[in-house]
Amino acid sequence: MSGICGWYGWPDEGDAAPERLQQMVRLLPRSPYHRDVSLVANGAAIAGTTLTNQCFTYRDSQTLVLVNGPVRWSGPTAPDDPDIATRFARLYIQRGPEAVQALQGNFVVARLNLARNEVFLATDRLGTHPLSYHVDRQSVVFASHGDAVSRRLGHRPALDPQTLYDYIYFHMVPVPRSVFVGQHRLPPGHYLIYRDGEAQVRPYWEPNWLDIRPGSFAALKEQFLTLLEDSVRDAVGQDQRVGAFLSGGTDSSTVAGVLGQVTGQPARTYSIGFDAPGYDETEYARIAARAFGTDHHEYYVTPGDVARSMPEVAAVYDQPYGNASAIPTYYCARMAREDGIDVLLGGDGGDELFGGNARYAKQTIFSYYQRVPSVVRSSVVEPLLHRLPAIERVRILRKIRSYVDQAGVPMPDRMESYNLLDRIGPHQLFTDEFLEQVDTDSPKKMLRELYHSAHAADMLNRMLAMDMKITLTDNDIPKVVMMCHVAGVEPRFPLLNEKIIDFASHLPPRLKLKGTRLRYFFKKALQDFLPPEIITKQKHGFGLPFGLWLSTEAPLQQLAADSLDGLCERRIVREQLIDELRGTHLDAHAAYYGTLIWVLVMLEHWLRSREL
């Protein structure tokens with residue numbers, strides 16, 4: 001994440017403005033490898049930090065423009081246009097906010113027009129460049145990190161209890177919400193336009209799953225493979241030392257293999273292992289590395305690494321963030337940086353585009369029950385399964401009843417049947433005084449809105465559209481982006497190239513999920529490219545064995561106990577359940593309840609890092 005920060009509407013600060021801008025810059029996520037650029041005018045300022053010298057600026061007598069990130073230009077050009085910021089500034093005069101359509105790739109853009117009292121902000125289609133902002137009648141303050149916004153305002157806003165609840169539910173804070181009252185975050189594919197004290201946020205891009213374009217498998221395969229190679233080539237760019245994450249999964253193996261093809265030399269690949277049964281996937285990463293002849297590197301994360309890194313990782317995010325795989329991602333990116341890598345390619349996006357998550361097949365199976373006539377379901381099947389005493393004694397009948405009960409839950413609520421917070425119950429986890437301040441149904445309302453407003457006609461594509469937001473842009477992308485930039489590496493995502501997203505959204509659903517076969521088209525198209533072991537393996541990723549280690553490792557136990565006690569003192573969570581988590585629950589289901597402990601511990605360390 002190449003950062004950005006600035007403001008509009010703070011006039012007459014004179015010589016103090018550059019230092020105040022630098023105070024914001026120092027709070028942006030950065031490593032020793034970042035460099036800064038800035039523009040300052042009376043009442044307005046913009047600054048950016050960049051890892052790969054891709055921060056472009058434009059200035060005239062009334063306008064400041066900054067475009068930051070590995071961005072590609074797809075609009076008109078003139079012979080005297082020296083860079084993308086100049087092209088954008090000139091196109092904006094002609095087209096207004098629609099000029100953002102000419103920007104592709106990963107970017108954030110700010111345009112401040114002093115003569116017209118206008119601010120334009122936009123972030124890329126997948127939100128790889130997050131943007132927090134505060135707006136009032138006189139001013140706009142914006143930054144890639146919420147702490148920088150708070151610094152410019154001169155105070156830290158109050159915490160929003162609803163957002164803290166949402167964090168426990170999702171393990172992250174969904175955009176556009178912010179944990180700070182009065183701050184907001186710009187959604188992916190959106191722009192903000194501010195004129196004369198009024199701000200509007202509008203989409204300029206949304207995935208469209210309605211326009212299905214069937215074709216022969218052979219033709220679709222040829223088109224996909226061409227797009228894949230072009231996308232990796234675009235991500236490599238010019239004169240960069242490029243490597244790739246390699247978990248041994250389908251996506252990372254594909255990206256690593258194509259990287260070697262487009263560069264004409266062995267790809268430099270990086271993988272994380274764990275000395276824990278059921279979690280280590282280095283065997284598959286090695287299979288892919290051998291198949292593609294990569295220059296492969298591995299690092300084994302230890303319990304000690306986790307104990308040392310948890311407070312630091314919690315603090316670096318501007319919102320509470322509870323995805324435990326952030327830590328192995330950081331160690332992988334750090335290994336690449338130490339090996340001289342500037343740009344690291346990730347395989348994120350394949351599951352959400354091509355139907356790779358097991359829950360898609362599971363929900364398809366549940367949907368079969370809806371084909372039974374409703375009168376038969378309500379008057380025959382369901383009464384029998386819930387009234388016959390023999391049901392409890394016959395295992396197969398109990399399983400049928402469980403299937404019917406789950407199948408009867410409407411979408412998308414059915415997808416949340418294993419949510420930790422729903423399983424435990426809000427009133428079991430949180431104190432009454434905390435729950436009085438929140439709407440416990442708010443997360444599901446958000447999911448329902450996403451599911452039903454998706455530009456999709458069938459259940460699978462609605463699930464994909466929802467996961468593009470919640471799983472990908474709100475969770476996985478921030479994990480990779482933030483950890484890479486702390487390590488000093490620029491992350492890029494070839495599978496999230498705009499053309500591949502367009503191709504996948506128009507692919508017939510039956511080719512993504514064939515019966516219950518996940519990622520049918522993707523795997524079939526690559527079956528002659530990927531090793532067969534990779535094609536058939538089960539998905540794991542960089543899952544961290546935190547719950548398992550928590551049962552045996554004293555430093556982690558001490559860290560968790562101290563953090564959980566802190567949350568109890570804040571009167572957010574109930575002490576009784578915390579005691580149960582550390583005892584019977586963790587002993588019985590270390591991986592399952594270890595996840596909740598992780599999320600709670602990271603929240604406490606995030607709060608401590610802000611002295612809240």
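Colleague: Why is Cys-332 called buried?

Modeller: Buried means under 20% relative accessible area, exposed over 50% and partly exposed in between, with a 1.4 Å probe and protein chains only. Cys-332 sits at 0%, so it counts as buried. Keep in mind that this is a predicted model, where local features need pLDDT of at least 70, side-chain atom pairs count only at pLDDT 80 or more, and totals for chains, interfaces and linings use all residues. Residues are numbered from 1 along each chain as its sequence is written, and side-chain values use heavy atoms, with hydrogens and water left out.

Colleague: And what makes Cys-484 buried or exposed?

Modeller: Its relative accessible area is 0%, so Cys-484 is buried.

Colleague: How do you know whether Cys-332 is bonded to Cys-484 or too far for a bond?

Modeller: A disulfide is a pair of cysteine sulfur atoms within 2.5 Å. The closest cysteine sulfur to that of Cys-332 belongs to Cys-484, 8.3 Å away, so that's too far for a bond. Seen from Cys-484, the closest cysteine sulfur is in Cys-332, again at 8.3 Å. By this rule the count is 0 disulfides.

Colleague: What makes a lining residue nonpolar, polar or charged in the second largest pocket?

Modeller: Ala, Val, Leu, Ile, Met, Phe, Trp, Tyr, Cys and Pro count as nonpolar, Asp, Glu, Lys and Arg as charged, and the others, Gly among them, as polar. Sorted that way, the lining has 14 nonpolar, 4 polar and 5 charged residues.
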